[in-house]
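Open the structure in your viewer and keep the selection tool at hand. This tour goes stop by stop.

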Amino acid sequence: MPLQKLQFRPGIVRETTSYSNEGGWHDGDRIRFRFGYPESIRGWEKSSQKAFLGTCRALWPWVTLAGDRYVGVGTHLKYYISEGGAYYDITPLRLTTAAGDVTFAAAANTLASDVSAVDETISLTDASGFPETGLIQINSEQIRYSEVSGNDLFGLTRGVNGTTVTAHSSTDAVTCATLSVSHSSHGALSGDFVTYSGAVSLGDQITAAVLNQEYEVLVVLDTNSYLIEARTEAELSDITTTTGLSPTPVFATSTDSGNGGASVVGAYQINTGLDTTIVGTGWGAGSWSRGGWGSAATALTSGDRLRIWSHDNFGEDLLINARDDGLYYWDRTGGLSARAVALSDLSGASAAPTIAKKVIVSNQDRHVIAFGCDPESSPGVQDPLLIRFSNQESVRDWSAEVTNTAGELRLGSGSEILTAIETRQQILVFTDASLYAMQYLGPPFTFGVNLISENITLQGPLCAIAVDDAVYWMGDGRFYVYQGAVQPVPCSVRNYVFDDFNTLQSEKVTAALNSENNEVWWFYPSADSQENNRYVVYNIMEQVWYYGTLSRTAWVDRGILSTALAASPDHYLYNHEVGFNDGSTEPVSPLNSYVVSSPMDLGDGEQFTLLRRLMPDVSFRNSTAEVPTVSITTRVRNFPGGNFLRTVQSEITDTTEQVNLRLRGRQFSIRIDCDETDVSWRLGSLRYGMQPDGKR
């Protein structure tokens, strides 16, 4: 019998049964379709060996007038500018105290105890003076505890070499790395950052150099005090390292009895946000330890929301906005050591908004636009449906006058603005119930808005992206595109995506454009994940869908940068479409790409067929492996609901001419796998030698 050529339809289909998708592809991971054929995606490598603090959900590249290439990196803890592999912290300050407003106190440190590895508790005969949480040391034993029960029991979380200990009153020295900080009405949340200056030594170990640096607030005790963990002055928490994010603690001794002196100044950065969406209020709502110890849950504030940054350039300078928080401006002339400052604090600022959901600089007409901000008439009172815009070519002038183009508009549909996306011709504004088009009209009205569609859905502020004049986004249970009108995008993997989707973390869904391959990606969390761990792709050119597994929280397309750049929950940035490996490990790992076909009939009716041989058509273009290899697995079965009865796995190289199979059945399926490094593969048209083999 002559060879039979197999050609499959492009894209993965999961909306039908596998058998009814005969001639198509049913499953895959880390593959794409190009000119109708599946191939492995390209790999990624670390952009820098340094990590950043927090989870990044915003990236913004730009070039200065001097030709310097910067990338804005917004995390739930910080805002950085990355240049040359280093991270420069420009997080704005919300408060700088007067000298003497801040004082320190070391926790009790004269306690004595015996140590023996017996069980999972640490019992101290006199724990008075130790704070509710922190790190204690018994001689060389370091134990981190999280809660006090009475005055003599600490919950153990770590012992020597993983063992557990019980401590009894004796002669072994017990010290504590936790410091108590007193500052009236400090306004800090657990996880906030503060930098101290002007402090003098407390005594022996807690020196001036230890105190005069940046710290993360460990626990807020009340409105006037909180805890920090003393650390060595050699390590920086604001500029991260290549080795990790945990500082080395410094333990106080009995001689550390001072308070830091009368000249201590605390510079508090803006409140940090969350890296997990919190829903509702009341008991169990809100993030653990964000407020004071034992405080009741209240209405969510900007610090209790998933931290999402928006940013844009005003010339070579940078505008940034933390959703439902302030608007800030970073001036390039101040250098990378300067922090961003509040827009309203700029010299000559007039009626600038102090809170917003998003900020955009309109490219065509050079207005700064704030969405969901406070009105000029009520500074500080946020209107979630209000849009304000500055005077043309001005970042400072927001006062609406007959002599300028500043002004404001209020949307009438929905309860809040979720996001705004700028295209070549207009700005699309999404509320939680509708879609508006915002266009520049010129004086005297400046801007106008038109209602485009109602009853739309949007997974979150990050799930929409512009592709030229079109905007694609992920809605509730389906995908949409706006190209003059809102239309659903037919999706062949729709149920596969939304049946395994964590709706409580839908704000994290991130849309990404990979223009090199004409693709729109959405990174999303599966039902059993709190973070983005999967992706689904729409190929605009081929109009097909495919999906896979990959954890990314932010993405920016190539253009200003030579490659696409993405952020990972592991606190690193990665250059994508580079090489053929997973560069997140040392050494690099294989991509582990595969694609699986739906079952195909070998013959008609009751006909059994014998698969005799396979003639592969696989290209390994650009592979750098010495002998690039893929595995082609052929499986046969007799019935659509039956098990595959026999399998032959064939290792294919670029010199493989044919493979003997000898498989008998009514239906067969193929799978292509690659689990080797430095391999790029592309599948063409396979040919199988078949022979009728009678009836059952």
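The stops below cover nonpolar cores, one histidine and a cavity. Keep in mind that this is a predicted model.

**Stop 1: the cores**

Select Phe430, Trp522, Val536, Phe668, Trp681 and Tyr688. They belong to the largest nonpolar core, which has 86 residues, and they touch the most other members. Now zoom in on Phe430. Leaving aside residues up to four places away in sequence, Phe430 touches Glu416, Ile417, Leu418, Thr419, Ile421, Leu435, Ile456, Leu458, Ala464, Val471 and Trp473. Another core, of 22 residues, lies apart from the largest one. To find it, select Leu179, Ala199, Tyr226 and Tyr268, which are among its members.

**Stop 2: His311**

Next, select strand β24, residues 309–314; His311 sits in it. Is His311 buried or exposed? His311 counts as buried, because its relative accessibility is 10% and the cut-off for buried is under 20%. Show its side chain. It makes a polar contact with the side chain of Tyr79 at 2.7 Å. It also reaches the backbone oxygen of Leu59, at 3.5 Å. Beyond four places in sequence, the residues that His311 touches include Ala58, Trp60, Gly72, Leu318, Ile320 and Val359.

**Stop 3: a cavity**

How many cavities of 30 Å³ or more does a search of the whole structure find? There are five. Then select strand β34, residues 434–442, which gives the largest share of the lining, three residues. Colour the lining by type to see four nonpolar, six polar and three charged residues.

Technical notes: Residues numbered from 1 in each chain as written. Predicted model: local features only at pLDDT ≥ 70, side-chain atom pairs only at ≥ 80, totals over all residues. Heavy atoms only, no water. Core = buried A, V, L, I, M, F, W, Y, C linked by side-chain atoms within 4.5 Å. Buried < 20%, exposed > 50% of the residue type's maximum accessible area, 1.4 Å probe, protein only. Contact = heavy atoms within 4.5 Å. Helix = DSSP H or I, 4+ residues; strand = E, 2+ residues; numbered from the N terminus. Polar contact = N/O pair within 3.5 Å; in protein donor to acceptor, adjacent residues only side chain to side chain. 1 Å grid on protein atoms, 1.4 Å probe; cavity = no way out; pocket = protein on both sides within 12 Å on 5 of 7 lines; lining within 4 Å. Points joined across faces, edges and corners; volume = space filled by probe spheres on them. Nonpolar A, V, L, I, M, F, W, Y, C, P; charged D, E, K, R; others polar.
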